[in-house]
Amino acid sequence: MCNTTSAVCIGITLLLGCGIVFGRKQESPSALGSIYRTRCAARCLSLHSTRIAISPRRFQSNGALGWCQGHKQCTKCLAPCKESWELKDGPCQELCEHAFPKRHSECVTSCEFLRSVASTKQGECPSAERATGFAAACVEGCAEDADCSAHKKCCPNGCGHTCQTPRNLYRGAPLKPRKELAFEEMPSGALAVHWSSRFNVSAEPVLHVLQSRWNYGIHPSEDDATAWRVVAQTSEERVWLSDIRPGRWYQFRVAAVNVHGTRGFTTPSRHFRSSKDPSPPPTPSDLRVSDVAFGSDQSGSVRVSWAAPADPDIPVQHYKLAWSGTLNEGELTVPPKLKSRKTVSGDSDSVELEGLRENRSYSVELQAVSYWGQLPLKSSKTRVRFSTHRQETQSEAKGSSVPEKPQSDILDVGTPFYQDGQLQVRVYWKKWELNVNGFRVQWFPEICSHNRTRAQEKLITQENYATLPGLQFSCKYKVTLQPTGSKGRMQAESTAFYTPACSAVQVKSPKPIPCPGQPAVAPKVQARATNLTAAFSVQKGNVTGLFSWVVATPRPPPQVTGYQVTWAEVAAESCGNNLPNCLISQSQILPPERNVLVVSGLQRSSLYRLEVGVITAEGQGPTTSKTFQTPGQARPVLQYKPKVKKHHLRSVIEQH
């Protein structure tokens, strides 16, 4: 019968194994590796325990482990237990001979012990005769302990091998330390972590492995925390940590380990965060420019790249770039308001700058920005300079025999930008050596892709720059600069520039931009209900309420098609008991001629909230709400404050 059901038995065994793996979280390979290395180190302390006990240096830093690290023979034993020791490079004998040419026996035995504990789990296999259920199935369910989940071992059962729960899992292993960890922050920013151990009957030396994890943010979070990593291995019950970064939430856990094994880590400690404020991010490094390219409109583009700040206290939120260009290398000083600017996300390491001019010298500056709450933390700025000189290719030299008019060497145009609901561009120029009273700037679109042009526009300024507003998309503009007020007429300077397509600006803008030819966004409905009033009457214990309102409409007034009215009883006692029916409400839609609502059967001395939304042909306007309290005892019917027409009131009363 076993043969006929072997396939079924195997399937059930695998399914059960998967349930154990997912039902009980296993330690990561790095955490298990730290336990193995600590068992290896604890074995070295056991071998030299007699010397440690009589040594006057046993009270030095890190206790017994510190003594072993300074002892010649004990150091050889500890060498394979270190994280830097590579076990995959060859046999232990060859590794130890390379590290210690003479007297390397302790190194070899320690290396072999570490490999043994890494492949064999704690505990002992039960006797084959006691295997029952799936553990007694005649199958080869595993080949080694690593094939089994959690603490189970690969054990024989007389006719095969299956994953079984071991006996004496924690024999000889020390008890877990107490789960309460104490923290003491030093003035220097270092952190002292203390814990206490339970009484252990084992005479074997005990080492402690301290691990930590952390997360960024204003609040602690275990979901967003890093993986556990070892921060200390010590024979003491305290550790001083100097690398505690402000702005991070830390958690710690500790495990007691000896040569026989461990009972695992304590539960994660409470969160700790330094009282010091985080520092601004370090300056980005390796700022460089590459991929200089030119388009058909004679505008250029480059790619600016950088290396992110190394290990900031808090992550970089975004990067700020600013760039400007001049004709000569030595004239890179430009007023800040004339610089082009761009912001990119904190996970970026490059950005493309467009709209550059040929034969210009540019300066780009980069700054990293983090946020601590609402406070921005800015790094120092880093800068790089580059030029946009294009070398003429042979094909370009033979292309056209008609010389193109060069761009002005005095007048320069920045990159167009969208601001205040319109496309704009900044134009700036060199200051004239002769005295002038001002400058006349004229501009008009020479040609546009949508074949819609405008008349020439102009402005007069005394500065050496100007902002041209109200530009059209996808056009080639000509701008002319004429000095004014000087004796004699000075020669005008002119240049041309191109405006981008509206779709290109829409992609880069966080706010919606209306483009020509696209349907306009529906206007927001402004009609709303105001002057919400109520009057109540009490007859034979029954409370009736008359609610009314007035419609406030903008100009021109929209067509009102109805009212969305909701009344709700606010049950304070139910809310106090956290009952689900905390709000009892009803809603209905009234015709436009009825701006009143009569509700009967209300409770005395109760709170009611009325919400009214005006429905128009364009949609529903904002909701207006107000809370009223019903009277507590009978009283004469009040004169209703709102002016309600008699035929409206009659129709309302008939329906109620």
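## Surroundings of Gln 424

Leaving aside neighbours within four places in sequence, Gln 424 is in contact (heavy atoms within 4.5 Å) with Pro 416, Phe 417, Gln 419, Thr 467, Leu 468, Pro 469 and Leu 471. The structure is a predicted model, in which local features need pLDDT of at least 70 and side-chain atom pairs count only at pLDDT 80 or more, while totals for chains, interfaces and linings use all residues. Residues are numbered from 1 along each chain as its sequence is written, and side-chain values use heavy atoms, with hydrogens and water left out.

Gln 424 lies in strand S20, residues 422–429. Helices (H or I, at least four residues) and strands (E, at least two) are DSSP runs, numbered from the N terminus. With a relative accessible area of 9%, Gln 424 is buried. Here buried means under 20% relative accessible area, exposed over 50%, and partly exposed in between, with a 1.4 Å probe and protein chains only. Gln 472 stands 48 residues from Gln 424 along the chain, and the C-alpha atoms of the two are separated by 9.0 Å.

## Disulfides

The structure holds 10 disulfides, a disulfide being a pair of cysteine sulfur atoms within 2.5 Å. One of them joins Cys 138 to Cys 159, with an S to S distance of 2.2 Å. The torsion about this S-S bond is about -90°, so the disulfide of Cys 138 and Cys 159 is left-handed. The pair links distant parts of the chain, 21 residues apart: Cys 138 is in the loop between helix H7 (105–119) and strand S1 (153–156), and Cys 159 is in the loop between S1 and strand S2 (161–164). Cys 138 counts as partly exposed at 46% relative accessibility, and Cys 159 counts as partly exposed at 37%.

Cys 142 and Cys 154 also form a disulfide, with sulfur atoms 2.1 Å apart. The torsion about the S-S bond of Cys 142 and Cys 154 is about 95°, so this disulfide is right-handed. In the disulfide of Cys 148 and Cys 163, the sulfur atoms are 2.0 Å apart. A torsion of about -85° about the S-S bond makes the disulfide of Cys 148 and Cys 163 left-handed. This pair, too, links distant parts of the chain, with Cys 148 in the loop between H7 and S1 and Cys 163 in strand S2, 15 residues apart. Cys 148 is buried at 5% relative accessibility, whereas Cys 163 is partly exposed at 27%.

## Packing of helices H2 and H7

Two packed helices are described by the angle between their axes and the distance between the axes. The axes of helix H2 (residues 29–47) and H7 come within 9 Å and cross at roughly 140°. Axes are lines fitted to C-alpha atoms, for helices over the stretch in contact, and angles run from 0 to 180 degrees between N-to-C directions. H2 and H7 are therefore oblique to each other, given that angles under 35 degrees count as roughly parallel, over 145 as roughly antiparallel, 65 to 115 as roughly perpendicular and the rest as oblique.

At the contact, Tyr 36, Arg 37, Arg 39, Cys 40, Arg 43 and Cys 44 of H2 meet Thr 109, Ser 110, Phe 113, Leu 114, Val 117 and Ala 118 of H7. By class, this contact of H2 with H7 has seven nonpolar, two polar and three charged residues. Ala, Val, Leu, Ile, Met, Phe, Trp, Tyr, Cys and Pro count as nonpolar, Asp, Glu, Lys and Arg as charged, and the others, Gly among them, as polar.
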